[in-house]
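Subject: Handover of a structure and its findings

Dear colleague,

Please find the structure below, followed by an account of what was found in it. I would be grateful if you read the two side by side.

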Amino acid sequence: MILGSIKGKMATRVLQNVGNSLKQTRNGVRTNGQVTHIIRSLSASNNRNGEDSWFKSLFVRKVDPRKDAHSQLLAKKEDTNLYKIQFHNVKPECLDAYNSLCEEVLPSINTDAHYPCELIGTWNTWYGEQDQAVHLWRYRGGYPALTEAMNKLMQNKLFLEYRNERGKMLLSRRNQLLLEFSFWNEPTPRPGPNIYELRSYQLRPGTMIEWGNYWARAIEFRQQNSEAVGGFFSQIGSLYMVHHLWAGYFSVELNAFCLL
């Protein structure tokens with residue numbers, strides 16, 4: 001409180017000095033009975049350069065702006081891997097039928113080389129939002145691979161029937177397109193059974209690079225015992241989102257099938 005009061009008095013004094021300077025410039029300076037007119041912008045800048053910048057420093061933390069997109073600074077090449085994460089909120093009474101339907105159709109798409117996509121894993125949530133299924137897909141080749149896969153799936157009769165049946169079981173759904181952080185390893189198959197933890201963070205705009213810099217140094221401490229599965233940030237969908245996927249060995253077989 002005392003510091004705030006001192007700052008307030010100093011700030012008031014600075015504003016008064018700047019105001020007097022601008023008033024003096026606007027009216028001119030009288031020398032030997034003559035009025036010498038001074039350009040207002042130059043006179044104001046002489047007084048304001050030191051005082052006004054000091055005043056702003058009391059309240060504003062200056063940040064060096066970056067012109068580069070964070071996708072170029074933090075991600076691997078965009079034409080290498082693109083990921084899609086899907087969140088499906090399932091009607092509670094339909095969850096078992098939904099899992100059976102996914103297990104019947106999705107692995108066949110994953111193993112078919114005709115489609116340039118891979119199903120990294122599919123899970124049901126145990127803690128957090130209940131009756132939810134999460135699917136993670138990888139498209140090798142970036143956005144062109146995603147477009148090719150979707151165009152081909154629209155001609156797949158089995159997939160269209162799956163989408164129609166799936167729609168009857170869902171309350172809502174959403175998805176995001178993601179890029180992977182360059183300092184994380186790609187998700188790879190692992191022995192199980194495992195229990196997975198998906199941590200999602202909503203960042204403030206402009207802080208993605210800072211976040212990546214911190215985690216680039218910290219990730220080595222979390223990669224022990226192969227618990228770090230993947231790290232991603234959003235490109236399309238909810239922006240400034242980060243997802244970290246972790247795995248730990250679990251002694252009970254999971255109900256939902258998982259390809260990891």
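Helix 5 (residues 143-153) has Ala145, Leu146, Ala149 and Leu153 as its buried residues; buried means under 20% relative accessible area, exposed over 50%, and partly exposed in between, with a 1.4 Å probe and protein chains only. Seen down the helix axis, these buried residues fall within an arc of 100 degrees, so they line one face of helix 5; the arc is that of the directions from the helix axis to the C-beta atoms. Among the elements that cover them are strand 3 (81-90), helix 4 (95-111), strand 5 (132-140), helix 6 (157-169) and strand 6 (170-180), where contact means heavy atoms within 4.5 Å. Helices (H or I, at least four residues) and strands (E, at least two) are DSSP runs, numbered from the N terminus.

The model is predicted, with local features requiring pLDDT of at least 70 and side-chain atom pairs counting only at pLDDT 80 or more, while totals for chains, interfaces and linings use all residues. Residues are numbered from 1 along each chain as its sequence is written, and side-chain values use heavy atoms, with hydrogens and water left out.

Lys152 and Glu148 are four residues apart in helix 5, about one helical turn. Lys152 is partly exposed at 21% relative accessibility, and Glu148 is partly exposed at 35%.

The structure holds seven salt bridges. Another of them joins Glu186 to Arg138, with the closest N and O atoms 3.4 Å apart. Glu186 lies in the loop between strand 6 and strand 7 (194-202) and Arg138 in strand 5, so the pair ties together parts that are 48 residues apart in sequence. Glu186 is partly exposed, at 26% relative accessibility, whereas Arg138 is buried, at 5%. In helix 6, Glu165 and Lys168 lie three residues apart, about one turn of the helix, and their side chains form a salt bridge (3.3 Å, N to O). Salt bridges that share partners join Glu118, Arg138, Arg140 and Glu186 into one network.

Between helix 5 and helix 6, the loop contains Asn156, which is buried with a relative accessible area of 16%. Its side chain makes a polar contact with the side chain of Tyr115 (2.8 Å). The side chain of Asn156 also reaches the backbone nitrogen of Leu158 at 2.9 Å. A polar contact is a pair of N or O atoms within 3.5 Å; within protein, one must be able to donate a hydrogen and the other to accept it, and residues adjacent in sequence count only if both atoms are side-chain atoms.

Aromatic pairs are rings of Phe, Tyr and Trp (its six-membered ring) with centres within 6.5 Å; planes under 30 degrees apart count as stacked, over 60 as edge-to-face and the rest as tilted. The count by this rule is nine. In one of these pairs, the rings of Phe159 and Tyr162 have centres 5.8 Å apart and planes at 40 degrees, so the pair is tilted. Both Phe159 and Tyr162 are buried. Trp211 and Trp215 form a tilted pair as well, 6.5 Å centre to centre with 35 degrees between the planes. Trp184, Tyr201, Trp211, Trp215 and Trp246 form one aromatic cluster.

With kind regards

Methods. A salt bridge is a side-chain nitrogen of Lys or Arg within 4 Å of a carboxyl oxygen of Asp or Glu.
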